[in-house]
Amino acid sequence: MPVFHGRLFDCLWCPASFYQLGIHLQRSHYIPLSCQIIHPSCRCAYLVDAVTPLDPVRTFSSLLQNLRDKSAVFRDVVLWIDSTHLQTFFVNTRLFDEKTVDSSMNPTFVLLDKDLTVSTLPPDGLTEVLLGMHVAMASREALSFFFPDNLTQVVLVPLAAVLVDYPVAYVPVSPAQTVFLGAEPLDVYEVASPLDTVNPSTRSHDFTFLKFSCPQKLADICPQLSQAHLVQRLHDIFTLRLDIIGASITVGHHTETLDRVAL
């Protein structure tokens, strides 16, 4: 089944339903699109950043239940919610379980210190959170789960990178750090797929489902962060996953220099 099955998309994309759930309509179409790309294990997780509902727990629990009612393929998708920072992830449990047993799926970690220290080892606390998530999902059936309240950005930022399949994960040096990569030239990567949206017979466009950056100077000193390696890794991760559903990917690259990077 194509990932954007027209009839299923029409069921999920209903402006009245989103209005009732308190979701602003301007970018809410990204939610059903992104959720559909999670269910066949194309992606491990989707971080909802397109909208900010008044009651994220109720809103996204209702949305996920609606998805499950429409199609059984969403039975492996659950919510993980950070109540403190109002972040919500739709997580594919099967693909998540693979991450907990296969360290080769870990990203390369970049500590945001003055030297931009690179490591293949996860920062302190991250492994414990991932194992805790695995135990929680294995021990009970539920629609929604909650991260511990005491997590800071030192764990949450690389945790998000691991969940959403970034091959590069930034790690803040402290909970108080507020400036990141200002005036630092960045390699920016975008992964897209030419997927049909509302009417598969008449319209198609590239749907960008992954975008991340990496300090450009690291490409020259770390082979695993070179443009060639990262592009190949993205193809290695997503080509087979999307091929199962008859889709393909394109990887775009450009450079940017910003005053600061939002994490």
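Trainee: In which strand is threonine 108 found?
Mentor: The model is a predicted one. In it, the strand holding threonine 108 covers residues 108-111. That strand is S4.

Trainee: Is threonine 108 buried or exposed?
Mentor: Its relative accessibility is 6%. Buried means under 20%. Threonine 108 therefore counts as buried.

Trainee: Which residues touch the most other members of the largest nonpolar core?
Mentor: This core has 30 residues. Strand S7 (168-171), strand S8 (185-196), strand S9 (204-215) and helix H9 (227-243) each supply at least two residues of the core. The residues that touch the most other members are Val168, Tyr170, Phe209, Phe238 and Leu242.

Trainee: Why is H5 oblique to H6?
Mentor: Helix H5 spans residues 93-101 and helix H6 spans residues 126-139, and their axes come within 10 Å. The axes cross at roughly 135°. Angles over 145 degrees count as roughly antiparallel and 65 to 115 as roughly perpendicular, so this crossing falls in the remaining class. That makes H5 to H6 oblique.

Trainee: What is the handedness of the crossing of H5 and H6, left-handed or right-handed?
Mentor: The helices meet through Thr93, Phe96, Asp97 and Thr100 in H5 and Leu130, Met133, His134 and Met137 in H6. The residues of this contact divide into four nonpolar, three polar and one charged. The crossing itself is left-handed.

Trainee: Is threonine 93 buried or exposed?
Mentor: Threonine 93 is found in helix H5. Not counting residues up to four places away in sequence, threonine 93 touches Asp76, Val78 and Met137. With a relative accessible area of 15%, threonine 93 is buried.

Trainee: Is lysine 114 buried or exposed?
Mentor: Lysine 114 has its place in the loop between S4 and strand S5 (118-119). Its relative accessibility is 73%. The cut-off for exposed is over 50%, so lysine 114 counts as exposed.

Trainee: What separates the C-alpha atoms of lysine 114 and valine 173?
Mentor: Along the chain, lysine 114 and valine 173 are 59 residues apart. In the model, the separation of their C-alpha atoms is 9.8 Å.

How values were computed
Residues are numbered from 1 along each chain as its sequence is written. This is a predicted model: local features need pLDDT of at least 70, side-chain atom pairs count only at pLDDT 80 or more; totals for chains, interfaces and linings use all residues. Side-chain values use heavy atoms; hydrogens and water are left out. A nonpolar core is a set of buried Ala, Val, Leu, Ile, Met, Phe, Trp, Tyr and Cys residues joined through side-chain atoms within 4.5 Å. Buried means under 20% relative accessible area, exposed over 50%, partly exposed in between (1.4 Å probe, protein chains only). Helices (H or I, at least four residues) and strands (E, at least two) are DSSP runs, numbered from the N terminus. Axes are lines fitted to C-alpha atoms, for helices over the stretch in contact, and angles run from 0 to 180 degrees between N-to-C directions. Angles under 35 degrees count as roughly parallel, over 145 as roughly antiparallel, 65 to 115 as roughly perpendicular and the rest as oblique. A crossing is left-handed if the near helix is turned anticlockwise from the far one by less than a right angle, and right-handed if clockwise. Contact means heavy atoms within 4.5 Å. Ala, Val, Leu, Ile, Met, Phe, Trp, Tyr, Cys and Pro count as nonpolar, Asp, Glu, Lys and Arg as charged, and the others, Gly among them, as polar.
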